Amino acid sequence: MDWNGDGLLDIIVGDRNGFVSFFERTGSGVDDLTAAGHVTASGTVIDVGSNSAPVVVDWNNDGLLDLLIANEATNQGIRLYLNSGTTSVPVLTTWTYIQSNGTNINRYRCCPQVYDMNGDGRKDLIMGENDARIYYYENTGTDAAPVFSAFEVIQSNGSPLDLYSGTRLWVNDWNEDGFPDLLVSDFNGFVHVFIAELTGIEHGANTTGFAVTPAVNPAMGNFNLNVQTPMGGNVELRVYDFAGRLVAAKNSSGMSDGSNLVVMDAGSLATGVYTVVAARGSDISTCRMVLTN
């Protein structure tokens, strides 16, 4: 995560005391990190009480990285600090609580992640909690203005996923099949891998035969995509980076029935993993691509 826009990956980390610290990378080496102090808002050190759990994401799609911070208390909720500065000089001021159906999302010792879980091009909210459950809040608003109205408990083998206590998670396409899998730690110190299947949460798959897949992966310079559409027509393509920011878009009109090759210019994008979302009406399909520019 490049917090200050200098092209180097930094680290933002929470701690037991409720603070959030910034470690700035000053070189290309793994150990080239400098402790840059606690993150502040309006000139005051951010303190959420205890067990701060920060998430860096461009929440409102303005090209600037924002900060979500969860904590231990059930009466504080998840704070959202929007960045009003620049790419190179983030500025955080006031904050609001993330809500679901008009009520603050309050979960004890929750550890949130932001990820498009159902492949509709909108950032969702997923979090572990001290009760060992994982809660999924689907975004029913837009990608730039998320709205949450309900939640589901993530299930494994037909029952709520339960790892005894202290669930912490990371969303990742572990087996590179285009679906979001879960890496989950527990109170006993183990890390579990849960592979997504085509049941439970929707993954952007459909039964119409509409699909987008990489023509070349890893890619360099361009995203070469195969778009399979049984009815032709217009297809909208969007590319998101790992922080959920829209970085490229293309509207391909007049596609023929069957397989179509679409080329999207990615020459200005940095090396990394990207999510491609293809939409034709209500049909949605996604794939992951690695760019090596």
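**Reading a chain of strands**

Mentor: Let's begin with contacts in the chain between residues at least 6 apart in sequence: 45% of them join residues at least 24 apart. Keep in mind that this is a predicted model.

Trainee: Okay! How many helices and strands are there in the chain?

Mentor: The chain has zero helices and 27 strands.

Trainee: What does the radius of gyration tell me about the chain?

Mentor: You compare it with the value for a compact globule. With 293 residues, such a globule would be near 19 Å, and the chain has 20 Å, so the two agree. If you'd like a box to picture, the C-alpha atoms fill one of roughly 60 × 45 × 35 Å along the principal axes.

Trainee: What share of the residues is buried?

Mentor: Buried residues make up 47% of the 293. As for the accessible surface, it comes to about 13,700 Å², and 52% of that belongs to carbon and sulfur atoms.

Trainee: And the charges? How far apart are the mean positions of the positive and negative ones?

Mentor: They are 4 Å apart, for 14 positive and 33 negative charges.

Trainee: Which residues touch the most other members in the largest nonpolar core?

Mentor: That core has 21 residues, and the ones to look for are Val212, Phe223, Leu225, Val227, Leu237, Met264 and Val276. The elements giving two or more residues to this core are β22 (222–229), β23 (233–240), β24 (246–255), β25 (258–265), β26 (272–280) and β27 (283–291). Another core, of 17 residues, lies apart from it, and Ala53, Val114, Tyr135 and Tyr137 are among its members.

Trainee: Now leucine 169. Is it buried or exposed?

Mentor: Buried, because its relative accessibility is 6%, and the cut-off is under 20%. Leucine 169 sits in strand β18 (residues 168–172). Beyond its neighbours within four places in sequence, its contacts include Gln113, Ile126, Ile134 and Leu183. Proline 112 is 57 residues away from leucine 169 in sequence, yet their C-alpha atoms are 8.0 Å apart.

Trainee: And where is alanine 73?

Mentor: In the loop between β7 (66–70) and β8 (79–83). Alanine 73 has a relative accessible area of 27%, so it is partly exposed. Its C-alpha atom is 7.7 Å from that of glycine 49, 24 residues apart along the chain.

Trainee: What should I know about backbone angles?

Mentor: Most residues other than glycine have a negative phi, and most peptide bonds are trans. Now for some cases that go the other way. Asparagine 61 isn't a glycine, but its phi is positive, about 55°. You'll find asparagine 61 in the loop between β6 (53–57) and β7, and it is partly exposed at 28% relative accessibility. Asparagine 101 also has a positive phi, near 55°. Asparagine 101 lies in the loop between β10 (99–100) and β11 (103–104), and with a relative accessible area of 61% it is exposed.

Trainee: Which residues does a cis peptide bond join?

Mentor: Asparagine 217 and proline 218, with omega about 10°. Look for proline 218 in the loop between β21 (211–214) and β22.

Definitions and conventions: Residues numbered from 1 in each chain as written. Predicted model: local features only at pLDDT ≥ 70, side-chain atom pairs only at ≥ 80, totals over all residues. Heavy atoms only, no water. Helix = DSSP H or I, 4+ residues; strand = E, 2+ residues; numbered from the N terminus. Rg over C-alpha atoms; globule rule 2.2 N^0.38 Å. Buried < 20%, exposed > 50% of the residue type's maximum accessible area, 1.4 Å probe, protein only. Contact = heavy atoms within 4.5 Å. Areas by Shrake-Rupley, 256 points an atom, 1.4 Å probe, with all protein chains shown as cover. Lys, Arg positive; Asp, Glu negative; His and termini not counted. Charge placed at Lys NZ, Arg CZ, Asp CG, Glu CD. Core = buried A, V, L, I, M, F, W, Y, C linked by side-chain atoms within 4.5 Å.
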